Structure formats: C-alpha cells, structure tokens
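Trainee: I would like to go through some labels and see what stands behind each of them.
Mentor: Then ask about them in turn.

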Amino acid sequence: MASSCAHVGRQIHRTTKLVHHNVKDALQRRYFGLGSATFQQPAAAISGSAEEIVIPRKKTWNKEAVLQALASTVNRDPTASHYVFQDDSYLTPRTSAEFKLFSLAQESGRSAAKYFINTYPMYFQKDFANPHIPCLMPETLELQINEVSEAALIERIQLRKVKAAVDMYDQLLQAGTPVSLDLTNDLLDLISLYGDCDPARDDAPEQRAEEMGEEQEDVKRRKGMPQKASNFLRLVWRENNNAERIFNMMPERNRRSYGALIRGMVKHSAYSKAFDTYTDLVNNRLTGDVHIFNALISAAPEVREKYAEKWDLIVDLLKQMVEQKVKPTLLTFNAVLKALRRCGSLARTQAFPVINEMKALGIAPSLATYDHVLGIFYKAATSAQGHTEILQDVLSEISGKSFTAQDPDDVEFFKDAMRICLATKDIEQAYRVHSLLGVGENWKLLGDSYYQSIYYGRFFNLLCMMEHIDVVLKWYKELIPSLYYPNSQGMRDLLQALDTDNRLDLIPQIWKDIKRMGHDNKTELVEEMLSLMARENQIPEVQQSFADCALDVKALYTQTDRRVPLNWSAGSLSSITSILLAAERTQQAWEMLKLFKLANRVPSDSLMNQFLESIKASNNAQQAVELVQVSASFCLSVTPNLMERVQQEFDLTEEQRNTLSDLESSSAISD
C-alpha cells in the first residue's frame, strides 16, 4: 500500500514539472520574452538580436468582411438561373422576355408594398426588427408643417414637392418674410433638377391615359412640329418657368444660383439659354465652378454646326476654366471626349492630347474615358476599317485593373468594346474584354439586364463565327441560362456553327433548348433547323433522332391553342417530309404529303422524286400509282417523268396500268 502511494506521488511530481515547463514555453512564445521577470531573460537574449519587435495594430474589418470571405468560396452555378429568382422557384425565367417580365413583377410587388406602407403609415408602426432597421419603416412623405415658414419650405424641398415648395416660397414673399440665399438656391436646385414638375414617386401606381398631366398633353400638342427624339423621352425646359422667375426675383445671386439654372437648362435641352445665362454670370463678375463648365462643355456640340466651331467653343471654355482657376475633374475630360465624338474626323487628332493632359494632371481615366476614345476611332458604320490597334492599346493599359463607377457612361464600355470585337471579328480581343469583366467588381459596370443581353449576345455571336464548335458549346453551357438568354438570332448563329463544323447530330439537343427558351414559335428559326436536318442523309441513329425531332415540330404546327401559331410553308412541309423519308418512315411521310393540299402548298419536284425512291425501296406499286395521282393533282411538271418511271420500275396490275393511262390522257387533254 505504501509503495503504491509513493509511486503515485512520483507520477504527480513528474506531471507537475512537465506542465510547468510547457506553460513557461507557451508564455515565452506568446509574449516574445517581454515584460515578465519570471523568465529573467531579456528580449534581446531570446531573439538573438537587439532589434525591437513591433506588434502590429489591431486590424479593423468592415461590416461585410465575413460575407465577402464566404462569397469568395462560392462559384457561380452555370446551370442555375439568375440569383434574383432563387427565392421563388415559380419565377424561373426561360427566355429574355420572361426574365424582363419576372423582374418587373418582383419590382412591381415591392413598389406596391412600399406604396401601401408609405400611403398608410399609421397601420405599420409596430417595429418587429431588433436592432431597428430604418429602411423597413414607413417613409414620411406627407407634409407635416402647414404654417407659412422657412421650416415648411425646407420640408417641401426635402420631400421633393416641387409645386408645393414653389407655392410656399411665393407665400413667404407675399407675407414679407425674407428667404435666405442658401434656401433659395436649394429651391432652384430642386426646380432645375426636375424641370419644374413634381417627380413621379418610385412606388406610385401607373397613371391612366386620361390622368396625364399637362406636361404630357403639351408634348402631344406639339406632336406635328419637328422635334428631336429626346423631347419625347424627357421634359423640355419651358420659357419663363418657375426657376427663371425665382432667379429673376432674387435680390442677390451667387455662383450657385447661376449654376443651378445653367445645369437645369442643359439637362432639359435649353442649350442656348444656358450659354446666355453663363454670359450673364461673367458680366456680373462672378466665376463658374467645375459643374457649370462640365454642363457647358457637354452642351457645346448642340449650339454650333461645324466641327471646327464646336471644338473652338470647347477650347474657349477650357481656357476660361484656367483664367478662373477652376480645376478640371474626371467628368470634365469625359465631357470633352464625349463632345469630341460629335466632331467628326477632327476628334481623332484631338483625342490623345486630351488624354495626355488628363494624365499630366494626375487624373486617372475611368471606363467612360476609354469608351469615348473607342467611340471616336470606331464608328458604327466603319468599325471594321483601320485603327484596330486602338482597342489593343486600350486593353493593354487597363488589363487586370479593377474599376469603380465614376461616370454614368462607365456602363457603356463593355458592350461597345464587344461591338468593336464583333465588327473586326477579333476573338482574341473579345477574350481580353471578357477577362477584364471578371477582374474585381468590374462586372458591376456591365449595366442593366438590357446591356448585359447586348454584351453577351455579341460575345456569343462572335464565338459562333470564329471558334470551333467544341469551344462554342463550352461557352454555351457556361453562359446559358445563368447569364444570358439568347434570342432567336443567337440560336440561329449556334445552328450555323453546328453546320460549319459538321455537327448536325446535335440539332435535336439544341431543339430542346429552343423549346425551353420559348423560341419554338419563330418561323425562320424552325425552318432553318428543319432545312439543315433535311439537307443530307446521316447515319441511321442520327436520322432517327432527326425524324423524332421533325415529328415534334409537326406537332407544334398542328396545335391550335398556341398564342402565336406556326403557319405551314412549302419549305417546312418539304423538309419534314424529306426527313421522314430519309428515316424510312414512309407512312408518316405520306401523311405529311396530304398536308400540302390542306395547307394550300405545292411540293417540289425533287421531293416527289425522293418520295418515289423511297417507295421503290419498299416495292409498293399501289403507293407509287397514288404518288403519281398526287403529283397530277398539283399539276407538277415532273408528273410525266414519274409516270414513266412507275411503269418501267414497278410490276403493275392491269387496273393500275389503266389508272396511269387515264392520268396520261387527261394530262394530254389539259395540255
């Protein structure tokens, strides 16, 4: 008993020493030998040098760091639909039209909910969120201050009540209450931004035709006058509107007052009045700001006719910026380049000096800058001629860079660059453009769903023209349906790619996708697919799959409850019949031949000869005689030849010979 207790004591003593030694080593590693007298070793002795060790500061992570880290571990699923539809499996689009419809349906539902919450906020006061989420609570959209005061005017400006703000301003002046210059400028900003009209609420229901305001009616009254298309897309600056009236009533005006009026005039197409107002600003010994000059530069091409005059006006504005010590910004140079796009061949000589001046000032170009440069050198009608090195130089400069939105025109770059690649048929540059899209968050600058459809449509069209079919199919699976819903022209491009590389055996599989995407009602697409299958014979397995596909197409033609029915043409009838004959489905082909008469269509001579060859293989004399009768009923020129061949190549009964003789005599009489 005593020996066992002694053994246990020795084990406890060893364990204690081991634990103490491990803890000491761990503390030394944690504190790097600093600050504790227990270890009695200075930091320099432990590290082997007298160099001071700097402990890094605590890193502050942003609120989305965890989500970004998780997102980096997940790749896009090319077989899934767009992420906005993943919450509702019933809203999974199959076509671009359904994508737009379902997107609008979701947005409409959100707008309807927001409309009721903001219209009846008294019913939605209970806050279930913890912590509080302000954006989920009703917005204050109704006016709370009714008395005539500056506070009431401020409230109306903040709520974007243009007409109510103007009325309150007039009431303040009538009551003899002076309005501060800053508040008047706020009102001018509001009126100039929205063109003297109340902006439509984001959650407001659509107006009926009889509820249209006088602004729309005024556009209708001017419908017979020659106007620009932009007049129908946005409001027009009215003569002596409230902005001009309030501006003329102001006892004191500063640069901001002129700036609000000038920018509003440019925004709403009153370009000449904007320059007149700027002249008034200079005459009053005031200087403009960068926003005023940006607006005037963008309006310069609208007030001059000749290219040289447009450029001279832009140069004059830039010189005035130097005289007034106004520093240009990125938007200034982008406005210059955008205006140069309307200066014809003159723009090509001035574009690079503008870029060099921009870089000399330390201003980094945005995607809109490069888009304007490409627009100057690649016109839509002459994209395939010359200047092919410009796109290469641009891509070499921005390759691997991540961009952020700095200009509204940034979203134009990718689709325009892909347009140039398509026009020049440069697949290598197209790959470079697409790789740039995957850098950082550049995908956010691709634009809305319409711009995305244009970009991917051009990219896919170029792939179908220039790449091998295996590469095309790889991209087809990668892009569809998660990023791109091809239209009927895109599917026709794919069919042409299959034809080029002699992979027509994949047509039945593509036909399933055509139906799924809702393009089975496009007559040109369906007929082109049928003509490819009917053009030449394939191996038996492929020919049978072609026949099944042709019968599936036939079923669509015979459906009467379709919203967009397909109408039989001679080409579609002949193609399906030829496909069935090649698959040795003579009886089903014979049924197709009867549809010619019902659809009031005439079969071709070549189809009748092909039909006779198929009947000859089965040695069906009666069907051969009936074929001659069908040919005679259509008054085809091949009828005598068919009759002669049937008499020579088939063993006919006396009755069948008499039938052919009667047909021959009747055709001779008709001749």
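**Labels and their cut-offs**

Mentor: Phe414 has 0% relative accessibility, so Phe414 counts as buried.
Trainee: What does buried mean here?
Mentor: Buried means under 20% relative accessible area, exposed means over 50%, and partly exposed lies in between, with a 1.4 Å probe and protein chains only. The model is predicted, so local features need pLDDT of at least 70 and side-chain atom pairs count only at pLDDT 80 or more, while totals for chains, interfaces and linings use all residues. Residues are numbered from 1 along each chain as its sequence is written, and side-chain values use heavy atoms, with hydrogens and water left out.

Trainee: Why does Phe413 count as buried?
Mentor: Phe413 is at 0% relative accessibility, and the limit is under 20%, so Phe413 counts as buried.

Trainee: Why is Arg645 called buried?
Mentor: Its relative accessible area is 15%, and buried means under 20%, so Arg645 is buried. Arg645 sits in helix H30, residues 639-649 (a helix is a DSSP run of H or I, at least four residues, numbered from the N terminus).

Trainee: Which residues does Arg645 touch, not counting those up to four places away in sequence?
Mentor: Arg645 touches Asn609, Leu612, Glu613 and Phe650, where contact means heavy atoms within 4.5 Å.

Trainee: How many disulfides does a search of the whole structure find?
Mentor: The search finds 0 disulfides, a disulfide being a pair of cysteine sulfur atoms within 2.5 Å.

Trainee: What makes the pair of Phe116 and Tyr120 stacked?
Mentor: The ring centres of Phe116 and Tyr120 are 6.4 Å apart and the planes are at 20°, so the pair is stacked. Phe116 is partly exposed at 45% relative accessible area, and Tyr120 is partly exposed at 38%. Tyr120 lies in the loop between helix H4 (96-119) and helix H5 (150-158).

Trainee: What kind of aromatic pair do Phe413 and Phe414 form?
Mentor: Phe413 and Phe414 form an edge-to-face pair, with 5.4 Å centre to centre and 80° between the planes. Ring pairs also link Phe413 and Phe414 into a cluster with Tyr431, Tyr455, Tyr456, Phe459 and Trp475.

Technical notes: Helices (H or I, at least four residues) and strands (E, at least two) are DSSP runs, numbered from the N terminus. Rings of Phe, Tyr and Trp (its six-membered ring) pair if their centres lie within 6.5 Å; planes under 30 degrees apart count as stacked, over 60 as edge-to-face and the rest as tilted.
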